[in-house]
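These are my notes from a reading of one chain. I began with the overall fold and then turned to single elements and residues.

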Amino acid sequence: MVVVALLCCFFFYFVLSYWMKNKKSKPVTDWPIVGMLPGFLLSAVRRPHDSSTSTLRHFKGTVEFKSSWILNVDCVLTSDPMNINHILSKNFANYPKGSHFREVTDPLGDGIFRSDSDVWKAQRKLMLTAMHDKRFEVFSEKCTWQKVEKGLIPVLEHVYKLGMEVDLQELFQRFTFDVICLLVFGFDSNSLSVEFPEIPHEKAFDDIEKAVFTRYIMPKAYWKLLRWLNVGQEKKLKEAREIFDRFIYDCISASREKLSRSKSSTENDEEFNLITAFLVDEGGGQTDYTCENSNEILRDHAFNLMAAGRDTVSSCLTWFVWLVATNPSIETKILDEIKEKLLINGELRFSGTKELNALVYLQAVFCETLRLYPSVPFNNKSVVQPDVLPSGHRVDQKTKVLISFYAMGRMKQIWGEDCLDFKPERWITERGGIMHVPSYKFPAFNAGPRSCIGKDMSFIQMKIIAVALLWNYHIQPVEGHPILPKSSVVLHMKYGLKIRVTKRSG
């Protein structure tokens with residue numbers, strides 16, 4: 001039966017691909033036998049985010065995708081804030097990650113992103129304790145500053161002097177990978193340098209991300225067959241996992257060895273990395289990190305932290321720079337704010353969180369960037385008990401719920417007639433502060449109990465990078481270079497962001 005389903009999927013996928021070259025399709029077509037699956041697959045492969053947006057507009061915020069009597073799995077796609085508040089907050093317990101998500105994302109192990117119920121609660125408590133420790137906040141700012149001064153600026157100087165083009169998205173990915181390695185392990189991968197070295201474990205991380213997205217959009221039978229045959233994306237995934245796991249386990253061993261040479265690595269506030277903090281177990285004794293499988297537990301913690309801290313920040317920074325570079329008036333306002341808030345006697349006074357928090361307009365630009373280009377463009381949930389959403393749509397245990405954060409920023413009923421305009425001013429109150437918007441309306445950092453733990457830290461990191469970058473350089477996107485969202489778990493640019501840089505005068 002699985003083989004029949006797989007053959008049907010392929011047949012209708014290719015028939016529909018050929019047909020759509022010559023004719024516009026309806027937003028959703030319910031085909032005999034296979035239901036809406038072929039059209040859903042086609043749009044997911046081509047332009048999933050824009051396709052889901054146009055579909056949700058057509059169906060006023062929520063649509064049911066009927067699969068087929070063969071696969072017997074339906075899906076509800078929504079961008080309705082009331083549905084999202086219901087799913088992510090009010091009826092949170094009824095919408096776990098679920099078994100399907102766990103299968104697709106098995107490279108994450110049993111970390112915080114993949115866990116549910118009591119296991120998730122214990123892990124979140126552990127992460128909150130460590131990440132909200134003042135010493136970690138200081139260490140995070142220090143690592144970000146060091147990477148700006150010793151990595152990003154030297155590379156941009158090199159690019160400027162040679163008058164060359166560079167993919168800024170790649171630079172940001174290398175930057176955030178190095179920083180997250182420092183924050184989790186106290187280890188610098190040094191991937192951001194003028195040599196642009198190929199780092200095997202960094203490439204492996206990218207390959208894992210690609211494979212997980214492929215699993216999302218393809219039928220389970222398809223990717224499981226590839227895994228069984230050990231071919232294609234699944235073969236790449238297996239090889240990438242081995243490389244990345246080897247890197248993580250080596251870092252854990254080095255952390256244990258370093259800790260054994262001292263009473264407590266956290267005596268040195270300047271190196272308060274997360275794995276060492278877990279080993280010292282200042283989070284309340286939840287886990288015995290001397291037990292037989294403790295390295296595996298630490299591996300899962302580390303992988304999830306790196307997934308959270310690397311690509312989400314680099315994605316936002318990439319879209320931010322492109323939007324600012326293509327809106328000169330906004331760039332001018334950011335520079336004016338930097339002069340007003342940070343410049344003293346001709347030099348930037350830029351020592352910590354207090355000064356960064358004063359950059360209200362800059363934060364508004366980041367919020368507006370995330371509204372239109374959320375780093376994580378979708379969220380999916382399973383259903384424990386049958387339920388009725390506020391929109392009136394019924395869901396049961398066989399229904400998958402998919403939330404499009406990307407589409408939400410493009411809905412007139414949420415953001416008004418100017419929803420497609422890049423308008424940072426919408427985030428600033430009459431008193432000059434940041435406008436509070438409920439997370440179920442602006443879920444760039446998720447909403448409800450699973451809201452992002454690292455939200456404040458991310459804003460601090462991004463502000464440090466933005467100030468250093470915009471104050472010193474003028475960014476010029478390469479004319480004619482295509483800018484499109486990539487079909488991926490994180491909202492990267494499909495072809496990167498090719499730029500040239502010039503120095504600011506004076």
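Among contacts in the chain between residues at least 6 apart in sequence, what percentage join residues at least 24 apart? I found 73%. The model I consulted is a predicted one.

Entry 1, the chain as a whole. I recorded 20 helices and 11 strands. Of the 506 residues, 53% are buried. I noted an accessible surface of about 23,200 Å² for the chain, with 54% of that area belonging to carbon and sulfur atoms.

I then looked up burial and found 13 of the 18 residues of α9 buried, so the helix is largely enclosed by the rest of the structure.

I located a nonpolar patch on the surface formed by Leu225, Trp228, Leu229 and Val231, whose accessible area together is about 420 Å². Leu225 belongs to helix α10, residues 220-229. I list Leu225 as partly exposed because its relative accessibility is 36%, and this class lies between the cut-offs of 20% and 50%.

I placed Cys452 in the loop between α19 (412-415) and α20 (455-472). With a relative accessible area of 37%, Cys452 is partly exposed. Leaving aside residues up to four places away in sequence, I found that Cys452 touches Phe445 and Asn446.

Conventions
Residues numbered from 1 in each chain as written. Predicted model: local features only at pLDDT ≥ 70, side-chain atom pairs only at ≥ 80, totals over all residues. Heavy atoms only, no water. Patch = residues over 30% accessible without salt bridge, like charges linked within 9 Å, V, L, I, M, F, W, Y side chains within 5 Å. Areas by Shrake-Rupley, 256 points an atom, 1.4 Å probe, with all protein chains shown as cover. Salt bridge = Lys/Arg side-chain N within 4 Å of Asp/Glu carboxyl O. Helix = DSSP H or I, 4+ residues; strand = E, 2+ residues; numbered from the N terminus. Buried < 20%, exposed > 50% of the residue type's maximum accessible area, 1.4 Å probe, protein only. Contact = heavy atoms within 4.5 Å.
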